[in-house]
Amino acid sequence: MSKIIFITGATSGFGRAAARRFAAAGWSLILTGRRVERLQALQEELGAQVPVHIAALDVRDAEAVQAVVAALPAAFRPVRVLLNNAGLALAPQAAQNVDLADWHTMIDTNVKGLVNVTHALLPTLIETGAGASIINIGSTAGQWPYPGSHVYGATKAFVEQFSYNLRCDLQGTGVRVTDIAPGMAETEFTLVRTKGDQAASDRLYNTTTPLTAEDIAEQIFYVANLPDRININFLEVMPTRQAWAGFAVDRD
């Protein structure tokens with residue numbers, strides 16, 4: 001029987017790239033996301049290679065998460081890897097200019113959504129035991145502050161600490177936990193953050209060489225396929241052309 005990965009936010013970016021990477025290696029896929037038509041397209045694309053189960057899911061809805069997990073067909077129940085990829089950034093403006101609803105959306109998705117899915121699948125992953133993995137997609141924003149990151153960066157700092165604390169609780173179960181923290185990567189991230197501003201997205205990525213979704217999918221695949229005895233706690237990945245800025249100084 002092929003190994004099974006459960007992916008949240010599989011409809012774009014890192015999630016979609018990971019679905020393709022794991023399918024190429026023969027893994028069975030459970031793909032979830034809010035955009036049903038994209039899930040269906042992925043199922044049609046990858047279903048000839050491997051078994052694919054799709055489920056429309058908003059990770060913010062704890063009851064819906066529980067229902068999706070409970071309704072998994074028998075062939076898809078022994079999940080080996082949970083990829084907590086669903087997340088978003090909104091409101092790149094300064095904190096004092098942000099709509100409170102955008103902060104709540106990021107907290108509900110990046111924090112509550114992560115917790116909802118992890119809690120629902122923990123019994124399954126513990127039953128799988130040695131070699132099972134929870135791979136959480138964090139961000140360099142969880143480590144390094146920058147203007148306009150405010151709640152987004154804070155939610156990604158939560159991802160890091162939640163991952164570490166899960167490791168403590170899961171010691172002895174065989175279940176591994178990893179926080180993968182990408183830096184600048186060209187996906188739909190900026191389009192979502194700016195509510196569809198293509199020019200803003202182009203300005204961010206033009207004249208440099210960001211990571212691709214496939215770059216991060218390769219790191220996810222690497223972590224998931226390490227020998228059972230190895231746990232990568234934290235993996236920060238930046239493009240070569242990105243580094244840290246100096247401290248900001250306000251001057252008269």
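Tutor: Let's start with Thr-207, which lies in the loop between α7 (198–205) and β8 (211–212). Keep in mind that this is a predicted model.

Student: OK, what's the phi of Thr-207?

Tutor: Phi of Thr-207 is near 70°, so we have a positive value in a residue other than glycine. Most residues other than glycine have a negative phi.

Student: Is Thr-207 buried or exposed?

Tutor: Thr-207 counts as exposed because its relative accessibility is 76%, and the cut-off is over 50%.

Student: And His-150, where is that?

Tutor: His-150 is in helix α5, residues 150–170. Phi is positive here too, near 20°. With a relative accessible area of 22%, His-150 is partly exposed.

Student: Switching to the inside: how many residues are in the largest nonpolar core?

Tutor: The largest nonpolar core has 33 residues. Phe-22, Leu-29, Leu-31 and Ile-220 have the most contacts inside it.

Student: Which elements give two or more residues to this core?

Tutor: Strands β1 (4–7), β2 (28–33), β3 (52–56), β4 (81–84) and β5 (133–137), plus helices α1 (13–24), α2 (36–46) and α8 (213–224).

Student: Which one gives the most?

Tutor: That's α8, with 7 residues in this core.

Student: What does Ile-220 touch?

Tutor: Leaving out residues up to four places away in sequence, Ile-220 touches Ala-18, Phe-22, Leu-83, Ile-135, Ile-137 and Ile-180.

Student: What about a second core, which residues does it include?

Tutor: The second core is separate and has 27 residues, among them Leu-57, Ala-120, Ile-134 and Val-159.

Technical notes: Residues numbered from 1 in each chain as written. Predicted model: local features only at pLDDT ≥ 70, side-chain atom pairs only at ≥ 80, totals over all residues. Heavy atoms only, no water. Core = buried A, V, L, I, M, F, W, Y, C linked by side-chain atoms within 4.5 Å. Buried < 20%, exposed > 50% of the residue type's maximum accessible area, 1.4 Å probe, protein only. Helix = DSSP H or I, 4+ residues; strand = E, 2+ residues; numbered from the N terminus. Contact = heavy atoms within 4.5 Å.
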